[in-house]
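Subject: Structure handover and notes

Hello,

Here is the structure we talked about. Please open it alongside this email. My notes follow below.

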Amino acid sequence: MKETYWLSLKLVVLTLTPFVLFYLPIRYVESGPTICIYKNITGHNCYGCGMTRGIISFIQGDFSDSIGYNPLIVFVVPIGMMIYIKELNKTVKKLNFTLFI
């Protein structure tokens, strides 16, 4: 019973995450301070800088801005989507109903 509760909660979070990222205004993420330790210490961007903004822009369909924030997004998004779909499928199967037929 307890495992079903956590799996159901995981399913809700996995289902809502893309919608939250789609409707999250990019200016909300751009206006905040950076949390990158490397950038805060050296003042230079690391390889991950701009990834959050890039992923949000990609989900919102703004592909040119997405690549402009961080060119590595072309590798991260497909890998992230594969991991996301795998986790979603695994969670649904553990809950004993099928999502993808």
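In which helix is T91 found? T91 is in α6. Helices here are DSSP runs of H or I with at least four residues, numbered from the N terminus.

Before the details, two points on the source. This is a predicted model, so local features need pLDDT of at least 70 and side-chain atom pairs count only at pLDDT 80 or more, while totals for chains, interfaces and linings use all residues. Residues are numbered from 1 along each chain as its sequence is written, and side-chain values use heavy atoms, with hydrogens and water left out.

T91 is buried, at a relative accessible area of 1%. Buried means under 20% relative accessible area, exposed means over 50%, and partly exposed is in between (1.4 Å probe, protein chains only). Setting aside residues up to four places away in sequence, T91 touches L7, K10, L11 and L14. Contact means heavy atoms within 4.5 Å.

Axes are lines fitted to C-alpha atoms, for helices over the stretch in contact, and angles run from 0 to 180 degrees between N-to-C directions. The crossing of α1 and α6 is left-handed. A left-handed crossing has the near helix turned anticlockwise from the far one by less than a right angle; clockwise makes it right-handed.

Nonpolar covers Ala, Val, Leu, Ile, Met, Phe, Trp, Tyr, Cys and Pro; charged covers Asp, Glu, Lys and Arg; the others, Gly among them, are polar.

**The α4/α6 contact**

How does α4 pack against α6, and at what angle? Helix α4 spans residues 51-59 and helix α6 spans residues 73-94. They pack at about 65 degrees, with axes 10 Å apart. The two are therefore roughly perpendicular. On this scale, angles under 35 degrees are roughly parallel, over 145 roughly antiparallel, 65 to 115 roughly perpendicular, and the rest oblique. The crossing of α4 and α6 is right-handed.

M51, G54, I55 and F58 of α4 meet I73, V76 and V77 of α6. The residues of this contact are six nonpolar, one polar and no charged.

**Around α4**

Which residues of α4 are buried? They are M51, G54, I56 and S57. The buried residues of α4 pack against α1 (2-23), α2 (26-31), α5 (63-69) and α6. After α4 comes G61, with a positive phi near 90 degrees.

S57 has a relative accessible area of 3%. Leaving aside neighbours within four places in sequence, S57 contacts I26, D62, D65, S66 and Y69.

S66 lies in α5. S66 is buried, at 0% relative accessibility. Beyond residues up to four places away in sequence, S66 touches G54, S57, F58 and I73. S66 and I55 are eleven residues apart along the chain, and their C-alpha atoms are separated by 6.7 Å.

**Aromatic pairs**

How many aromatic pairs does the structure hold? There are three. Rings of Phe, Tyr and Trp (its six-membered ring) pair if their centres lie within 6.5 Å; planes under 30 degrees apart are stacked, over 60 edge-to-face, and the rest tilted.

One of them is Y5 with W6, edge-to-face at 5.2 Å centre to centre and 75 degrees between the planes. Another is F58 with F63, with centres 4.9 Å apart and planes at 65 degrees, so this pair is edge-to-face too. Y5 is exposed at 51%. F58 is partly exposed at 30%, and F63 is partly exposed at 46%.

**Loops**

I35 sits in the loop between α2 and α3 (37-42). I35 is exposed, at 79%.

H44 lies in the loop between α3 and α4. H44 is exposed, at 52%. Not counting residues up to four places away in sequence, H44 touches Y38 and K39.

Best wishes
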